[in-house]
Amino acid sequence: MPSLKSIDTMFSQAVESKRMPGIVAVAATDKGTVYEGAFGTREIGTSAPMGLDTVVWIASMTKAITATAAMQLVERGKLSLDRPAHDVVPELAKARVLEGVDAGGQPRLRAPRQPITLKHLLTHTAGFAYEIWRPEIAQYQQATNTPGITTCTNAALTTPLLFDPGDCWDYGINIDWAGKMVEAVSGQKLDAYFQQNIFGPLGITDTSFKLSPSQRVRLSRVHARDDKGALAPIEFGLPEEPEFLMGGGGLYGTAGDYLAFTQMIVQGGTLKGAQVLRPETVDLMSQNHIGALEIGVMKTAAPGLSNDVELFPGMSKKWGLSFLINTQALPTGRSAGSLAWAGLANTYFWIDRTRRVSGVFLSQVLPFYDATAIDLLARFETEVYRAV
């Protein structure tokens with residue numbers, strides 16, 4: 001493994017200056033690991049060190065794994081990208097488009113002009129949105145007493161569509177519904193399906209919806225940054241006995257486990273002899289599936305949870321089957337057409353199939369799209385590309 005002392009120095013300075021609590025970062029090419037490092041502590045102000053085996057809430061990095069499960073079932077003919085999703089999960093037939101509110105503050109709803117498909121769900125074009133970035137959803141939840149998604153209750157999935165399926169891109173609870181589709185046709189809960197069809201074959205042993213005692217000992221606390229930039233640990237945890245397993249954000253895991261997943265995508269669906277997806281499926285997942293639609297600025301409606309998110313300003317951005325796609329090469333070295341996404345507590349990954357490199361950056365800091373985390377991620381990525 002090449003020595004990347006510059007990355008070590010950068011991350012060490014970030015935690016010593018208390019700009020970040022703890023960081024784990026790993027990167028690999030198809031030839032093997034090129035960098036791994038862990039810095040800082042699992043909880044600021046304590047001596048418990050971040051390690052390569054530290055467990056974090058990977059949040060929306062769960063989505064790509066759920067999409068992989070769905071695409072396995074497309075390969076097997078059990079799911080279709082284009083048939084109405086309510087054929088598989090009848091509750092989706094109840095989805096309605098929010099047109100506004102009446103004089104009494106109650107939502108005005110109508111039926112969508114076309115049915116939601118799995119492709120809509122995997123591309124975030126179904127019409128669903130998160131209250132973090134869309135105040136209309138928060139207002140609906142308040143008016144109807146609908147719980148938020150991290151309650152992992154089925155009622156949380158009943159928020160309305162903000163547009164007709166296929167008309168726009170907006171980030172939301174889509175992949176939770178895709179997870180329901182996986183469960184419906186496989187006859188298994190997501191945890192069992194993932195273990196049998198993804199985690200087991202890839203040698204992923206430390207990623208799960210429910211924390212084991214050994215994982216809990218290694219769990220990093222989630223921290224919140226105040227308006228002066230100071231960090232403090234907060235109470236955060238998903239329900240121990242959820243009504244549904246959150247395919248859009250319910251997994252905890254380690255950097256090494258997620259790196260194995262990204263390397264499977266880099267290598268066309270296979271890792272160390274285990275085939276998880278067909279090469280043509282990986283190609284399909286890596287293509288733009290939103291046509292002329294664009295990924296716009298995600299304006300925060302919950303500043304404690306997310307900053308405004310403007311990815312690669314000035315660049316056209318597209319979405320594959322659960323991945324963000326940069327249409328131009330990045331200054332870091334990342335190739336045009338690469339795949340990426342993130343998790344709410346400032347966890348990030350990228351997958352460059354052209355240069356056959358991927359990386360994972362894990363922290364546990366709110367709000368999302370933290371300026372320090374984004375800066376460190378870009379510098380980490382730049383040094384990785386210089387090394388490879």
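**Cavities, helices and backbone**

Modeller: The model is predicted. Its largest cavity is lined by Cys 152, Phe 209, Leu 238, Pro 239, Pro 242, Phe 244, Leu 245, Met 246 and Gly 250.

Biologist: How many residues of each class are in the lining of that largest cavity?

Modeller: The lining comprises eight nonpolar residues, one polar residue and no charged residues.

Biologist: What space lies in the largest cavity, and how many cavities of 30 Å³ or more does the structure hold?

Modeller: The largest cavity contains about 50 Å³ of space. The structure has three cavities of 30 Å³ or more.

Biologist: Now to the helices. At what angle do the axes of α1 and α10 cross?

Modeller: Helix α1 (residues 5-16) and helix α10 (residues 371-387) have axes that cross at roughly 170° and come within 10 Å. Angles over 145 degrees count as roughly antiparallel, so α1 and α10 are roughly antiparallel to each other. Their crossing is left-handed.

Biologist: Which residues meet there?

Modeller: From α1, Ser 6, Ile 7, Met 10, Phe 11 and Ala 14 meet Leu 376, Arg 379, Phe 380, Glu 383 and Val 384 of α10. The residues of this contact comprise seven nonpolar, one polar and two charged.

Biologist: Changing topic, which residues does a cis peptide bond join?

Modeller: The cis bond joins Leu 366 and Pro 367, with omega about 0°. Pro 367 is in the loop between β16 (365-366) and α10.

Biologist: And where is Phe 312 found?

Modeller: Phe 312 belongs to the loop between α9 (279-285) and β11 (317-319). Its phi is positive, near 45°. Most residues other than glycine have a negative phi.

How values were computed: Residues are numbered from 1 along each chain as its sequence is written. This is a predicted model: local features need pLDDT of at least 70, side-chain atom pairs count only at pLDDT 80 or more; totals for chains, interfaces and linings use all residues. Side-chain values use heavy atoms; hydrogens and water are left out. On a 1 Å grid over the protein atoms alone, a cavity is a set of points where a 1.4 Å probe fits but cannot get out, and a pocket is an open set with protein on both sides within 12 Å along at least five of seven lines; lining residues have an atom within 4 Å of a point. Grid points are joined across faces, edges and corners, and a volume is the space filled by probe spheres set on the points. Ala, Val, Leu, Ile, Met, Phe, Trp, Tyr, Cys and Pro count as nonpolar, Asp, Glu, Lys and Arg as charged, and the others, Gly among them, as polar. Axes are lines fitted to C-alpha atoms, for helices over the stretch in contact, and angles run from 0 to 180 degrees between N-to-C directions. Helices (H or I, at least four residues) and strands (E, at least two) are DSSP runs, numbered from the N terminus. Angles under 35 degrees count as roughly parallel, over 145 as roughly antiparallel, 65 to 115 as roughly perpendicular and the rest as oblique. A crossing is left-handed if the near helix is turned anticlockwise from the far one by less than a right angle, and right-handed if clockwise. Contact means heavy atoms within 4.5 Å.
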